[in-house]
Amino acid sequence: MYPITKQPNISARFSLGMGGLLILIALWGLGTSWLESNISLASLLSPAETFRSLYELLAQNQLTLHTLTSLQRVLVGLGFALLIGVPVGLAIGSSRALENSTSTAFQFLRMISPLSWMPIAVMVFGIGDAPIYFLLSFAAVWPIILNTASGVKQLDPRWLMLAKSLSATRKEVLLKIILPGVLGHILTGVRLAIGVIWIVLVPCEMLGVSSGLGYFILDTRDRLAYSELMAVIVLIGALGFILDGLAQKLYQHWVHSPGKA
């Protein structure tokens, strides 16, 4: 028999996580020290300069507008992806013929980098938020479609048979059986979609807009303010970590909900 490995408690997991983070910061500092011998501006990339700039930017309220704008774009892009992805995923999961007819096309489109559509998005939608929303939605829709369809296919057919025997309407079957049954899969798709959106967001915000964290990175590069650039990179990582954690908590809340079958 294999020995049973005890899972570390919350405090131990926190300590291990913080230890790993401190090691990462130490490696970061060593890397910038090594670069300083060849690149004079590398000193601006050090952890000390980065966190000093991050504190100053936050204290002076210079990042609030850019952060809120980026989060708004994430929510709008995710909202469009849900509006498109959930119905399409439900349809594909419910019909073998539809799944077979769309599988090749969807896999082909899914493998195209969303960023490769940037010139076309600008040509069609112009400069502004519209092309960003399109690119974020395109990036986020695929994990939602695939996870929703997977959830439908894993539904217990006895639930559907019971609903049919009770003469449930299509609306009742959808709202009372199918959607609650696939919500866990949809939330998994949402978590994956948030990760994809957050990665794609920064280059998308370099499409001629005047706000957002991606725009601020371009601005710091033009001003050679590399400590501020690193500060924004750290902020992007922290915000992405928080968004992923919120999505994970939402999924865990649903999985452990007392009312869940």
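Q: How are helices and strands defined and numbered here?
A: Helices are DSSP runs of H or I with at least four residues, strands are runs of E with at least two, and both are numbered from the N terminus. Read along the sequence of this predicted model, the protein follows the pattern α-α-α-α-α-α-α-α-α-α. The secondary structure comes to 10 helices and 0 strands.

Q: What does the C-alpha trace span along its principal axes, and what percentage of the residues is buried?
A: The trace spans about 75 × 60 × 35 Å along those axes. Of the 261 residues in the protein, 36% are buried.

Q: Among contacts between residues at least 6 apart in sequence, what share joins residues at least 24 apart?
A: Contact here means heavy atoms within 4.5 Å. The share of those contacts that joins residues at least 24 apart is 72%.

Q: Which residues have the most contacts inside the largest nonpolar core?
A: In soluble globular proteins, nonpolar side chains tend to be buried together. In this model the largest nonpolar core has 50 residues, and those with the most contacts inside it are Leu63, Leu78, Leu136, Trp198, Leu213, Val232 and Ile236. The elements that give two or more residues to this core are α2 (47–59), α3, α5 (118–125), α6, α8 (170–204), α9 (213–222) and α10 (226–255). Helix α8 supplies the largest share, 13 residues.

Q: What does Leu63 touch, not counting residues up to four places away in sequence?
A: With those residues set aside, Leu63 touches Leu54, Leu57, Leu58, Phe216, Val232 and Leu235. Leu63 and Val232 are both among the residues with the most contacts inside the core.

Q: Is Thr67 buried or exposed?
A: Buried means under 20% relative accessible area. Thr67 is at 13%, so Thr67 counts as buried. Its place is in helix α3, residues 64–94. Leaving aside neighbours within four places in sequence, Thr67 is in contact with Leu213, Leu235 and Leu239.

Q: Where is Ala81 found, and what does Ala81 touch?
A: Ala81 is also found in helix α3, and at 0% relative accessibility Ala81 counts as buried. Apart from residues up to four places away in sequence, Ala81 touches Val86, Ser137, Ala140, Val141 and Ile144. A C-alpha separation can be set beside the separation along the chain.

Q: Which residues does Ile92 touch?
A: Ile92 lies in helix α3 and is buried, with a relative accessible area of 8%. Setting aside residues up to four places away in sequence, Ile92 touches Leu98, Glu99, Thr102, Phe106, Ile145 and Ala149. The C-alpha atoms of Ile92 and Ser150, 58 residues apart along the chain, are separated by 9.0 Å.

Q: At what angle do α3 and helix α4 pack?
A: Angles are taken between N-to-C directions and run from 0 to 180 degrees. Helices α3 and α4 (residues 96–110) pack at about 125°, with their axes 6 Å apart. The two helices are therefore oblique to each other. On the α3 side, Val88, Ala91, Ile92 and Ser94 meet Arg96, Leu98, Glu99, Thr102 and Phe106 of α4. By class, this contact has 5 nonpolar, 2 polar and 2 charged residues.

Q: How many aromatic pairs does a search of the whole structure find?
A: The search finds 6 aromatic pairs. For Phe138 and Trp142, the ring centres are 5.7 Å apart and the planes are at 85°, so this pair is edge-to-face. Planes over 60 degrees apart count as edge-to-face. Both residues lie in helix α6 (residues 129–153), 4 residues apart, about one turn of the helix. Phe138 counts as buried at 13% relative accessibility, and Trp142 counts as buried at 9%. Phe106, Trp117, Phe125, Phe134, Phe138 and Trp142 form one aromatic cluster. Phe106 is also among the α4 residues that α3 meets.

Q: Where does Asn61 lie, and is Asn61 buried or exposed?
A: A backbone angle can be read together with the position of the residue. Asn61 lies in the loop between α2 and α3. Asn61 is not a glycine, yet has a positive phi of about 60°. At 51% relative accessibility, Asn61 counts as exposed. Leu224, another residue that is not a glycine, has a positive phi of about 55°, and is found in the loop between α9 and α10.

Definitions and conventions: Residues are numbered from 1 along each chain as its sequence is written. This is a predicted model: local features need pLDDT of at least 70, side-chain atom pairs count only at pLDDT 80 or more; totals for chains, interfaces and linings use all residues. Side-chain values use heavy atoms; hydrogens and water are left out. Buried means under 20% relative accessible area, exposed over 50%, partly exposed in between (1.4 Å probe, protein chains only). Rings of Phe, Tyr and Trp (its six-membered ring) pair if their centres lie within 6.5 Å; planes under 30 degrees apart count as stacked, over 60 as edge-to-face and the rest as tilted. Angles under 35 degrees count as roughly parallel, over 145 as roughly antiparallel, 65 to 115 as roughly perpendicular and the rest as oblique. Ala, Val, Leu, Ile, Met, Phe, Trp, Tyr, Cys and Pro count as nonpolar, Asp, Glu, Lys and Arg as charged, and the others, Gly among them, as polar. A nonpolar core is a set of buried Ala, Val, Leu, Ile, Met, Phe, Trp, Tyr and Cys residues joined through side-chain atoms within 4.5 Å.
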